[in-house]
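Thank you for making time this morning.

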Amino acid sequence: MLTAFKNHISTQFPELFSVPIAIAISGGKDSTVLAHLLHQLGVKFDLIHCNFNLRGAESDADQVFVEGLAKQLGCKLYIESFETEKIAQSRGVSIQMAARDLRYQAFDNIAAKHHIKQVLVAHHLDDQLETFLINLGRGAGLHGLTGIRERNGIIARPLLIFNSSQISDFALENNIDWREDSSNSKTKYLRNRLRHEVIPLLHEALPHLKANFSNTLNYLEGSELLLDVEVARFRESGTKINHGNLEISIEKLKATLKPEAYLFELLKEYNFNLPDALELLDAEHGKSIPSGSRKLTKDRGVLVLSTVVDRNPIYMEIDQSMERLKLDGYQLEFKNIREDDPLKYVKSANSSNKILLDAAGLEYPFVLRNWQHGDRMQPYGMKGSKLISDLLTDCKIPSLEREKALVLASGSTILWLVGIRASKHHKITSITKSIIEITSDL
């Protein structure tokens, strides 16, 4: 396995040999084997351990084991400890969901503090199969069936092509000790029931599943890419944002070979009942269906996706002469700056509550408004566009705070998810003559 692992990371994760990295280490078999694999290859790394304090003395023993492993491998170790049950109760979420959120927030915080570029998580091919089956049971589309991503922000998963048997064999062959999590044997959790009761029967009935499942995922990912391209093409011609609402052309939707497939992709993040949404195509004007805090309405040849959450609606136009905007506790300050060395100024003024724009080509008036589902922007430092809802999720913005987020737009282009993420449009260059600096105290 060591040779296969070395070849895999050399081609798919070459940066692991040269940038500061850390491993998310639980003390279990998978993450412990990942640490030993990298150690045997001479790769330097730190360790991050999250103690969720859910199993009493067993959780403390896991931490002691990880501390010993860090000393054995000569690694720095960062430990985060949580009162997970109390946090889950206060947030009104399951313990599993709270633990997941706490874990990934800890990764982000530790990585930022210690300049870690990648945090490695030891998900493997068997985890992929479990996720595939869970999403299949939930009626997920193609995106849900492609499983766990090899990369997601700072998270990397270099073991995804290896199965649990390969990992176990490597551990036994190399006399590697690890900790067993007793909760993994409890079948009250869906993932554990699949692991212990369903998947063994699948392997028995389909003996080639283990060898072929990875290929299936690769084919699905290729199909997913083609699907994304086609849906993006339809978004360009068949949808638009009007006063913050997503409008879907019924005529163009019906002209496609499979309208329900396009509608599913456009609405999948909002959990509408697809048959109900399809009925709107031929319904009378004004009819709508709800889904949580959203509604889909038939209106003059379009389906309008809008939000119905109880929040203060904000829609403010900002002309070129405005220096300060105050609105319901929000404040934006605008400055026009001329600098001989614009890039040096950008470096000195960089802040999450500030955006710097090349004034050339900006379209006025700007609009400050609530973000709407379906809004997309092209974030700075990222290829392509991304849904605002996905950016808020990636940035770990709490759900109660997401609806309060605002966007600043110039014409049809979103310049700034205010205080969170800037777009790549109108970025400062060495030839910038005039800088628009906008500061927020949201």
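Over how many bridges do strand 16 and strand 19 pair, and in which sense? Before I answer, please keep in mind that this is a predicted model. Strand 16, residues 366–370, and strand 19, residues 406–410, pair over five bridges, and the sense is antiparallel.

Let me turn to helix 5, which covers residues 95–114. With 20 residues at 1.5 Å a residue, this helix should span 28 Å, and because its end C-alpha atoms are 28 Å apart, the model agrees with that expectation. The buried residues in helix 5 are Ala-98, Ala-99, Leu-102, Tyr-104, Ala-106, Phe-107, Ile-110 and Ala-111. What do they pack against? Their partners are strand 1 (21–24), strand 2 (46–51), strand 3 (77–81), helix 4 (84–91), strand 4 (118–120) and strand 6 (155–156). After helix 5 comes His-115, and the phi of His-115 is positive, near 60°.

Next, the aromatic residues, for which a search of the whole structure returns six pairs. In one of these, the ring centres of Tyr-104 and Phe-107 are 5.4 Å apart and the planes stand at 80°, so this pair is classed as edge-to-face. Tyr-104 and Phe-107 are three residues apart in helix 5, and are therefore separated by about one helical turn. As a reminder, an α-helix has 3.6 residues a turn, so residues three or four places apart point the same way. Both Tyr-104 and Phe-107 are buried. Now compare Phe-234 and Tyr-262, whose ring centres are 5.3 Å apart with planes at 50°, so that the pair is tilted. That pair links distant parts of the chain, since Phe-234 belongs to helix 10 (residues 209–238) and Tyr-262 to helix 12 (residues 259–267), 28 residues apart. Phe-234 and Tyr-262 are buried too. Returning briefly to Tyr-104, the charged end of Arg-103 sits over its ring, 5.6 Å from the centre.

I would also like to point out Gly-28, which lies in the loop between strand 1 and helix 2 (29–40). Is Gly-28 buried or exposed? Its relative accessible area is 17%, and because the cut-off for buried is under 20%, Gly-28 counts as buried. Its C-alpha atom is 8.4 Å from that of Asp-62, which is 34 residues away along the chain. Setting aside neighbours within four places in sequence, Gly-28 contacts Trp-178 and Arg-179.

Beyond its neighbours within four places in sequence, Phe-45 is in contact with Ile-21, Ile-23, Ala-35, Leu-38, His-39, Leu-73 and Cys-75.

Conventions. Residues are numbered from 1 along each chain as its sequence is written. This is a predicted model: local features need pLDDT of at least 70, side-chain atom pairs count only at pLDDT 80 or more; totals for chains, interfaces and linings use all residues. Side-chain values use heavy atoms; hydrogens and water are left out. Helices (H or I, at least four residues) and strands (E, at least two) are DSSP runs, numbered from the N terminus. The expected span of a helix is 1.5 Å times one less than its number of residues. Buried means under 20% relative accessible area, exposed over 50%, partly exposed in between (1.4 Å probe, protein chains only). Contact means heavy atoms within 4.5 Å. Rings of Phe, Tyr and Trp (its six-membered ring) pair if their centres lie within 6.5 Å; planes under 30 degrees apart count as stacked, over 60 as edge-to-face and the rest as tilted. A charge sits over a ring if NZ of Lys or CZ of Arg is within 6 Å of the ring centre and within 35 degrees of the ring normal. Two strands pair if DSSP finds at least two bridges between them.
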